[in-house]
Amino acid sequence: MKLLISADMEGISGIVAWEQTTPGQIEYARGRRLMMGDVNAAVNGAFEGGADEVVVSDAHGDARNLLLEELDPRARLNSGSPSPFSMLQSLDDTPAPNALLLLGYHALSGTRKGVLDHTWSDERIRAVFLNDQLVGEIGLNAALAGAYGVPVVALTGDQHTCAEGQDLLGPALEIAVVKSATGRYAAQCLPLPEARERICEAAARGLLRLREGRAPAPLVVSLPVRLAVEFVFTQHVDRAFLLPGAERPGGTRLEYTAPDMLTAHRAFRAMVALARD
Ligand SMILES: [Zn+2]
């Protein structure tokens with residue numbers, strides 16, 4: 001059984017500020033160490049839960065946060081950006097992953113009191129919809145994985161992140177709440193041993209559920225996929241609208257009809273890449 005772990009940073013144990021997740025900032029080195037601890041807890045839980053292969057995709061920023069030299073040597077690491085599947089690099093590997101774990105994720109943009117809430121880009125994107133359903137990074141990635149028949153079996157982050165995941169994927173989604181958000185830049189953080197124990201258990205239970213047929217079903221969106229993106233600034237939309245096939249029904253809104261989820265995902269990433277000042 002092969003598990004893909006997509007590791008973001010904002011929902012990592014102890015993280016509450018951009019300075020802890022941004023290269024060059026004074027607290028970034030500490031943020032990386034915290035991220036390594038959560039990732040290794042998930043890898044350990046995966047093997048305890050019956051995985052025989054684990055791939056970790058660094059899924060934050062330029063995807064060069066995780067330190068291979070400190071990663072559990074049983075796991076392989078996808079590092080660097082851009083990669084074809086971004087936060088889910090290895091989704092189309094052979095053999096394909098059987099399950100996906102979203103680690104250190106965060107709530108979608110606009111969530112009340114979610115640690116570092118945003119959807120893909122804090123400065124550029126206000127909201128994303130797939131077939132009129134509001135989604136954040138959990139939904140976007142779950143839908144892409146679903147198109148490949150891969151279910152999300154576990155999720156870690158703050159309490160709002162985990163609630164967002166269970167609202168979307170159902171109560172069978174195993175969760176590890178590692179901090180209780182009290183604001184965008186504030187949370188009550190669990191002691192690290194307790195947080196990592198929760199992560200380890202969520203990973204193991206998620207794979208156990210998969211083996212027993214009790215895991216969430218892959219998230220399959222109906223086709224064609226109607227993608228809608230609400231931007232923050234109109235000058236970004238002026239550029240993102242260069243994407244062939246994009247429609248602009250409003251000043252800050254682009255829409256795009258895609259024949260499949262991979263195309264929708266690529267169209268979204270292209271819009272974000274184009275959306276510059
Ligand atoms: Zn991130």
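Eleven residues of domain 1 are in contact (heavy atoms within 4.5 Å) with five residues of domain 2. The structure is a predicted model, in which local features need pLDDT of at least 70 and side-chain atom pairs count only at pLDDT 80 or more, while totals for chains, interfaces and linings use all residues. Residues are numbered from 1 along each chain as its sequence is written, and side-chain values use heavy atoms, with hydrogens and water left out. Domain 1 comprises 2-118 + 137-211 and domain 2 comprises 225-274, with bounds that come from an automatic or database domain assignment.

Between them, the two domains bury about 670 Å², this being the accessible area (1.4 Å probe) that two parts lose on being put together, summed over both, and 71% of it lies on carbon and sulfur atoms. On the side of domain 1, the most area is lost to domain 2 by Ser 86, Leu 140 and Leu 144, which together account for 54% of what that side buries.

The zinc ion is coordinated at 2.0 to 2.6 Å by Asp 8 (OD), Glu 10 (OE), Glu 10 (OE) and His 60 (ND1), where donors are N, O and S atoms within 2.8 Å of the metal (3.2 Å for Na, K and Ca) and, because water is not among the atoms, sites may look incomplete. In sequence, these donor residues follow the spacing D-x1-E-x49-H.
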